[in-house]
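Please look through the sequence and the structure first, and then follow the description below.

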Amino acid sequence: YIPGSDVVDHSHIDLDMAVISEFLGVYKDVTNVDTAPNYTHVNAVYSNGVYSKPAATCTFAPADPSFSVTFVAKAEVYFRTVGGAWALGKTTGAGDETTSLEFTYEVADVPTVYDYNSSNNVPGPNDPTPPACWVGSLSTDDASGSYGLPSLDADMWKTAGCIVGSPGSTASSTKVRVANSSQASSGCTPGITDSESTAFATCDQTNTVEVTVTCNQNRGKRTLKGFSTAAKTKMYTGSRTPGAGDCPPPAADAT
């Protein structure tokens, strides 16, 4: 059996639950001091996600009403990461194509190792290869990435795979190349650490467009809240229409 979806990325929703457990319980910070439950952070992880289907939300900088590019579904986005390498993401279709762009990050197809013996007394997932962008809605533009919770910096949040200038790094605009309407592939070479001009030269110059973006949010688009609030429709009260994404129609011989 070969699943049609990325089960590795889906499985990362368990990491959101692990973080919530940490915030609900009593953990110790780097000074080995007990910290009370933080319900604000619990709700943020539950509602906005961190680890599953990580994505960046960006605006074109500056917004240009005359600029319009039609991106096909899952068009490749080529960008420099906080870790310095160039990487490929895919558009989600959420941007309006004149002022904003949203894309998902690549998810490493490797098992996730959850470190229960971290140096800061707070467990968290090890960074995979290629590195992840696991920041979520708890991020700030603080270059230290501490988010007011210094013990969680290295153990829970991973920023090396995030687009430069986005939460988890110092805020700034950056240039990306996006495959345009003619095809989803950009032809760009991921994994290199060359200069912007050298990296962009690897792209299909005809079928990609260069844009400057400011990415002000990283989050997990697949959330525990989404699973929870959609469960009743998917499993009980849905339309039962084939292909609708909810509970299937009754069998022909059902009574």
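## Around glycine 165

Leaving aside residues up to four places away in sequence, glycine 165 touches Thr170, Ala171, Ser172 and Cys215. Glycine 165 belongs to the loop between β8 (124–125) and β9 (173–179), and it counts as buried because its relative accessible area is 6%, where the cut-off for buried is under 20%. Arginine 80 is 85 residues away from glycine 165 in sequence, while their C-alpha atoms are 9.6 Å apart in space.

## Confidence

The model is a predicted one, and its protein chain averages a pLDDT of 78, with 69% of the residues scoring at least 70. Over residues 140–153 pLDDT stays under 50, although the model has 33 contacts beyond four places in sequence for them. Where pLDDT is low, the predicted coordinates should not be read in detail.

## Barrel and cores

Six strands, in the order β3-β6-β5-β4-β9-β10, close into a barrel with antiparallel pairing, and from one strand to the next the twist averages 45 degrees. Within this order, strand β4 (residues 76–80) is joined by five bridges to strand β5 (residues 86–91), and glutamate 76 stands opposite lysine 90 in β5.

The largest nonpolar core has 22 residues, and Phe103, Ile163 and Val213 have the most contacts inside it. Two or more residues of this core come from each of β3 (54–60), β4, β6 (100–104), β9 and β10 (208–220), with β10 giving the largest share, four residues. Another core, of 16 residues, lies apart from it and includes Val42, Val45, Ala132 and Trp134.

## Salt bridges

| Pair | N to O distance |
|---|---|
| Aspartate 9 and arginine 222 | 3.3 Å |
| Lysine 221 and glutamate 102 | 3.2 Å |
| Lysine 175 and glutamate 210 | 3.5 Å |

Aspartate 9 and arginine 222 are both buried. Lysine 221 lies in the loop between β10 and α5 and glutamate 102 in strand β6, so their pair ties together parts that are 119 residues apart in sequence; lysine 221 counts as partly exposed at 30% relative accessibility, whereas glutamate 102 counts as buried at 10%. Finally, Lys175, Arg177 and Glu210 are linked in a network of salt bridges.

How values were computed:
Residues are numbered from 1 along each chain as its sequence is written. This is a predicted model: local features need pLDDT of at least 70, side-chain atom pairs count only at pLDDT 80 or more; totals for chains, interfaces and linings use all residues. Side-chain values use heavy atoms; hydrogens and water are left out. pLDDT is the predictor's confidence in each residue, from 0 to 100. Contact means heavy atoms within 4.5 Å. Two strands pair if DSSP finds at least two bridges between them. Axes are lines fitted to C-alpha atoms, for helices over the stretch in contact, and angles run from 0 to 180 degrees between N-to-C directions. Buried means under 20% relative accessible area, exposed over 50%, partly exposed in between (1.4 Å probe, protein chains only). A nonpolar core is a set of buried Ala, Val, Leu, Ile, Met, Phe, Trp, Tyr and Cys residues joined through side-chain atoms within 4.5 Å. A salt bridge is a side-chain nitrogen of Lys or Arg within 4 Å of a carboxyl oxygen of Asp or Glu.
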